Amino acid sequence: MTAELAEPASKIELPAGVGGGGEIPTFDVHLRVRRYNPEVSEEATWDDFHVTMYGTDRVLDALHKVKWEIDGSVSFRRSCAHGVCGSDAMRINGRTRLACKTLLKDLDTTKPITVEPIKGLPVEKDLIVDMEPFFQSFREVMPFLVNRGHEPTKERLQSSEERERFDDTTKCILCAACTSSCPVFWTDGQYFGPAAIVNAHRFIFDSRDDAGDMRLEILNDKEGVWRCRTTFNCSEACPRGIQVTKAIAEVKQAILSRKV
Amino acid sequence: MTATIESPRSGRVSSNYRRSGASKGNFEMLAWLFMRLSGVVLVVLIFGHLFVNLMLGDGIHAIDFGFVAGKWADPFWQVWDLAMLWLAMLHGTNGVRTIINDYAEKNSTRMALKVVLYAATTVIIVLGTMVIFTFNPCPMVDGIPLPGGFCPA
């Protein structure tokens, strides 16, 4: 085994704090996590954790530190941890957002940071909810290409303008932040929810798709787009910056112009 | 020996999230459209009403029984007030219906609240319409005008 040689010192003099020269500041964080374990108690409780975190850390890093070093029973979902998979949507200080995209330094660290499961879906354990009702609505709008024409020999062509038409709604990662921040969905969970409408929008306005009418008919339901109250909670919650309320409004317009 | 492991929760949706069949018809769409259109018309009707009653002529000081009687003698104001009554009542009722749908969690609660709402709406619309069309500024009993009436001299 050979000892690794130390990297030669840089010949360029960097002032402290530039280019990683300075040390990353650390601070203490007080995390209040909503705990629920039906095998122990039907009551959900708050658990407090104090951890020392770096200025570059996110809420997810704090949860990791808690789970790996303090209490291994803390349960939450996360996969990629970089804002792409959409697994770790949770309510942080009352706002629905991705734990992996929320920097601790952007929150008020003088007060406890509350972390709760997303609202409106049945909690299974701690921060994990049953996403099945959410995905059921998603499936119901047929989120796949339906094309009745002849199979093209090459790719299905589309102009960049036609692609631009639904570009915003292709960004959805199905994290459920929008649907679980919608007050209409909270009431009884019957509303299709912003995420399903966004994913319907993605195909309704796709020039290659032929099932737009069917999707509009599905969303003309009494639990469909007409239950939207344009409170903009979804647009605010979306970690991908999708203009969800605008997409819902466009679907409403499409149904109207088809019927009237 | 083989054990069968159930597939993990595929497509199992808890019953209170299941939608009870697709709804037929365009009622919700028409209700949505009505809210927007009646809203626009009501802005004109209400501000027209306020302007005529409070600003024109002697303004607010001219309002008395005779002023109202005079307006309702004119078919134009009868239609104006009728449109305002119906649109405002239906607009408001639909708004409250929406609020009930959003805030009541059980269908039975929804039903009970909506029965009260629709009953109140019906009574007010019917009464209001009757008043506008059967309004008599000079009620007579046995050829003698009742006090408080507004009879042409």
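Does B:Thr93 count as buried, exposed or partly exposed, and how many C-beta neighbours lie inside 10 Å? With 18 C-beta neighbours inside 10 Å, B:Thr93 counts as partly exposed. A residue is buried if 20 or more other C-beta atoms lie within 10 Å of its own, exposed if 12 or fewer, and partly exposed in between, with C-beta atoms placed from the backbone.

## About the model

This is a predicted model: local features need pLDDT of at least 70, side-chain atom pairs count only at pLDDT 80 or more, and totals for chains, interfaces and linings use all residues. Residues are numbered from 1 along each chain as its sequence is written, while chains are lettered from A and ligands numbered from 1 in the order in which they are written.

## Around B:Thr93

B:Thr93 sits in helix 3 (residues 75–103) of chain B. Helices (H or I, at least four residues) and strands (E, at least two) are DSSP runs, numbered from the N terminus. Leaving out residues up to four places away in sequence, B:Thr93 touches B:Leu117 and B:Thr121. Contact means that the C-beta atoms of two residues, placed from the backbone, lie within 7 Å. B:Lys114 is 21 residues from B:Thr93 along the chain, and their C-alpha atoms are separated by 9.4 Å.

## Where the chains meet

Chain A brings 18 residues into contact with 17 residues of chain B. On the chain A side, helix 2 (132–140), helix 4 (183–188) and helix 8 (244–259) each give two or more residues. By class, that side has six nonpolar, five polar and seven charged residues. Ala, Val, Leu, Ile, Met, Phe, Trp, Tyr, Cys and Pro count as nonpolar, Asp, Glu, Lys and Arg as charged, and the others, Gly among them, as polar.

## The sheet of chain A

Five strands of chain A form an open, mixed sheet in the order 2-1-5-3-4. Strand 2 (45–54) and strand 4 (95–98) are its edges. Strands pair if DSSP finds at least two bridges between them. Strand 3 (residues 89–92) and strand 4 of chain A pair in the antiparallel sense over four bridges. In strand 4, A:Arg97 is the bridge partner of A:Met90.

## A helix pair in chain A

Helix 5 (residues 194–204) and helix 6 (residues 212–219) of chain A pack at about 155 degrees, with axes 9 Å apart. Axes are lines fitted to C-alpha atoms, for helices over the stretch in contact, and angles run from 0 to 180 degrees between N-to-C directions. So helix 5 of chain A is roughly antiparallel to helix 6 of chain A, the term for angles over 145 degrees.

Notes: Angles under 35 degrees count as roughly parallel, over 145 as roughly antiparallel, 65 to 115 as roughly perpendicular and the rest as oblique.
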